[in-house]
2 protein chains.
Amino acid sequence: MKKVHLGVLGYGTVGQGVAKIIQERYEQFKEMIDVDIEIKKVLVRDLSKEREIKLDEKVFTLDYKEITENDEIDIVIELTGEIDKAYDMIVSALNNGKDVVTANKAVVSKYFEEFTCIAKEKDLNFLYEASVGGGIPIIKPLYDIVKLNRVKRVRGIMNGTCNYILSKMTEEGSGYLDVLKEAQELGYAEADPSSDVNGDDTLRKLRILSTIAFKQPIIEDEILMDGISKIKASDIKLLEKNGRVIKLIGDTWNEDGTIKSIVQPVAVFKGSYFSSVNGAFNSITVEGDMVGELKFYGSGAGMLPTANAVLTDCLDIILENQKTETHGVGCDLEVKSDTISGKFYIRYEGDNKELASYADEVLSESPYVIITKEVEFKKIKQIVSDDENTAIIRIEDGDY
Amino acid sequence: MKKVHLGVLGYGTVGQGVAKIIQERYEQFKEMIDVDIEIKKVLVRDLSKEREIKLDEKVFTLDYKEITENDEIDIVIELTGEIDKAYDMIVSALNNGKDVVTANKAVVSKYFEEFTCIAKEKDLNFLYEASVGGGIPIIKPLYDIVKLNRVKRVRGIMNGTCNYILSKMTEEGSGYLDVLKEAQELGYAEADPSSDVNGDDTLRKLRILSTIAFKQPIIEDEILMDGISKIKASDIKLLEKNGRVIKLIGDTWNEDGTIKSIVQPVAVFKGSYFSSVNGAFNSITVEGDMVGELKFYGSGAGMLPTANAVLTDCLDIILENQKTETHGVGCDLEVKSDTISGKFYIRYEGDNKELASYADEVLSESPYVIITKEVEFKKIKQIVSDDENTAIIRIEDGDY
């Protein structure tokens, strides 16, 4: 029987989920795949903290090098949620010959090419299925798709917190701050929700997916972004009258040989596919020239779904079913998100002649609510102020 | 560069799709994965037939043994649509040391355990992603899921022909035979559509999925089945009034330790997930105890999507990313589909006192249309006649 030792960096929700699944499926791993999996070391910030999923006290450590430099550890699972500290840990693990699995989209997004390069060079695995879409299998299928397809588009609802907030605001007619507070109490939103609600988290996931899909680095700075924190109950109500619901969608596509990528709130028709993805669920769709459109749906976050994705990567390493894939090579298309245009719902206060000149329809006059003609998103962002009394939502008539 | 020779058994729609993708992506395979893929031999029934996707004449053969016993061929792709002839070909290929990929659900369903056993014994690959869900990746993700999860349920719309017919009947109010004729003209239905419309095709796919999901053989005879050929425009209209649409759904689940499996027309609520899967699309959902519910959606058939799935399996073999998985072992739950019960919409002619005794609601009296109380499906089937004036549709109130 193969014996595999895991080292886990971080013991929050997902880390405890990993421990829980290993505890519950320990015998099954032995019987089904002939592997004895043991968590050897776990990095924590506080040795004395009480935790829901118990482990022998001796596995906990405050020093990540006891994991990344530990000769007995085969696979390092990085779940810190940090960026630069996580970078040091991952590089240390790879340099010490460990395979690495991470659920940390922020660090993958920032150092994607570098990690892959080191892993390839050292013939190690660097896998990150859990970094996008929580429990949804999307990274592995996407690598399968790009081997046979030219990808036309990848888009999705990729942030459970935002989707939960927007769904609740729609269902209950409540205001943004009330729902956010409720989401924080229920554990669906972090104490500091800024990276979720301002779009950063979705952008990082989109950066990873678009880099794989288009086989060239599409970095964070090349993606336009707008979040959901300025959306009010009144916006949802006004758009609902027109048969629409609002979703935060990350969207990256190849438009006649140019890559365009954007994260922003989109008003889609009720009855469309994305309108049916509610609560903390995520869905990602991929369009290839051979396979057509595929849609993947599941829990976008949560202890067990995310831990399930982390352990799927670990089992792939153990069973030698997946290797670090080369991405970000072979293609050199222009990336030009600045030219993304559309029709927008805009709510703003005060008089703004320039903005008014783009109006195709005026829904309200105090505050002003307009639906624009086709116009560049960047142009609109330059004109409108960035205060909380301004919201921009793309109006999407297509098949979403 | 690795050189790989394929032998293809059958050159219909999917076979030509395989050839087309290889022609279009030949250089990409070389650059991206360092493989030179060539179709060496193709089994056909008629050497002189004109074909859309051209190949050098010398590759065509009338004798399958020129492929399965050919020393130069590495992977045999079986696409005949036959059952017992296909069995001979697959066994011959495996016995001659070839990896085998098939899209043929009928032969996989009938000989699933035997093929896997031979392949395992000879350390060869036997893969069949394209046999279920066309272009949708479902077999590989399901094998990933069962390693970490106890599966509670797998269900889906798995037959594009039936779904196309039901969608068209719903949209246009047309009769079954008119839509079937149209579907045949458009190539969405075979000249002999019986295995699609009577439920056999869905049953075979469900047999494969449930065997993987529950880790024990669930054979065809253990699955209850009813098809769509008796459904009339009037049934669709009556159910539409109650906010429902009809879908042919294959459903297999673990009910307190007992496996139950059924294929039958189900009236789901408009607005539910399955109600949004229309036309020739398929969708399969899987519920695991760790990962929660995952949904997979895509083209259920068609030249390129199915060929894409076939070639994904081939690339997995070439890149050593996937091996024949062991299924159908480790578990020994009771399989007892006979006890499946539900509420049913039943249309029948003439007087039937026994059936009337199960009625909870009478929707019409000539013909009789009733909605039953909760009753066993098997009991209803025993009472009603099998003529074309009788239709049974499950009424589903749950989250479908």
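A salt bridge is counted where a side-chain nitrogen of Lys or Arg lies within 4 Å of a carboxyl oxygen of Asp or Glu. The legends below describe a predicted model.

**Figure 1. Salt bridges between chain A and chain B.** Between chain A and chain B, 4 salt bridges are counted. One of the salt bridges pairs the side chain of Arg25(B) with that of Asp289(A), at 2.6 Å from N to O.

**Figure 2. Polar contacts and the elements of chain A at the interface.** Polar contacts across the interface of chain A and chain B comprise 14 residue pairs, with both residues at pLDDT 80 or more. On the side of chain A that touches chain B, two or more residues each come from the helices α1 (13-33), α5 (139-148) and α11 (303-318) and from the strand β12 (292-299). The residues on this side of chain A comprise 19 nonpolar, 14 charged and 9 polar.

**Figure 3. Contact and buried area of chain A and chain B.** Each chain brings residues to the contact: 42 from chain A and 42 from chain B. The two chains bury about 3,900 Å² between them, and carbon and sulfur atoms account for 56% of this area. Within chain A, the greatest losses of area to chain B fall on Lys147(A), Leu148(A) and Met290(A), which together give 20% of what that side buries.

**Figure 4. Strand pairing between β12(A) and β12(B).** Strand β12(A) and strand β12 of chain B (residues 292-299) run antiparallel and are joined by 3 bridges. In this pairing, Lys295(B) of β12(B) stands opposite Tyr297(A).

Definitions and conventions: Residues numbered from 1 in each chain as written. Chains lettered and ligands numbered in written order. Predicted model: local features only at pLDDT ≥ 70, side-chain atom pairs only at ≥ 80, totals over all residues. Heavy atoms only, no water. Contact = heavy atoms within 4.5 Å. Buried area = accessible area lost by both parts, 1.4 Å probe. Polar contact = N/O pair within 3.5 Å; in protein donor to acceptor, adjacent residues only side chain to side chain. Helix = DSSP H or I, 4+ residues; strand = E, 2+ residues; numbered from the N terminus. Nonpolar A, V, L, I, M, F, W, Y, C, P; charged D, E, K, R; others polar. Pairing = 2+ DSSP bridges.
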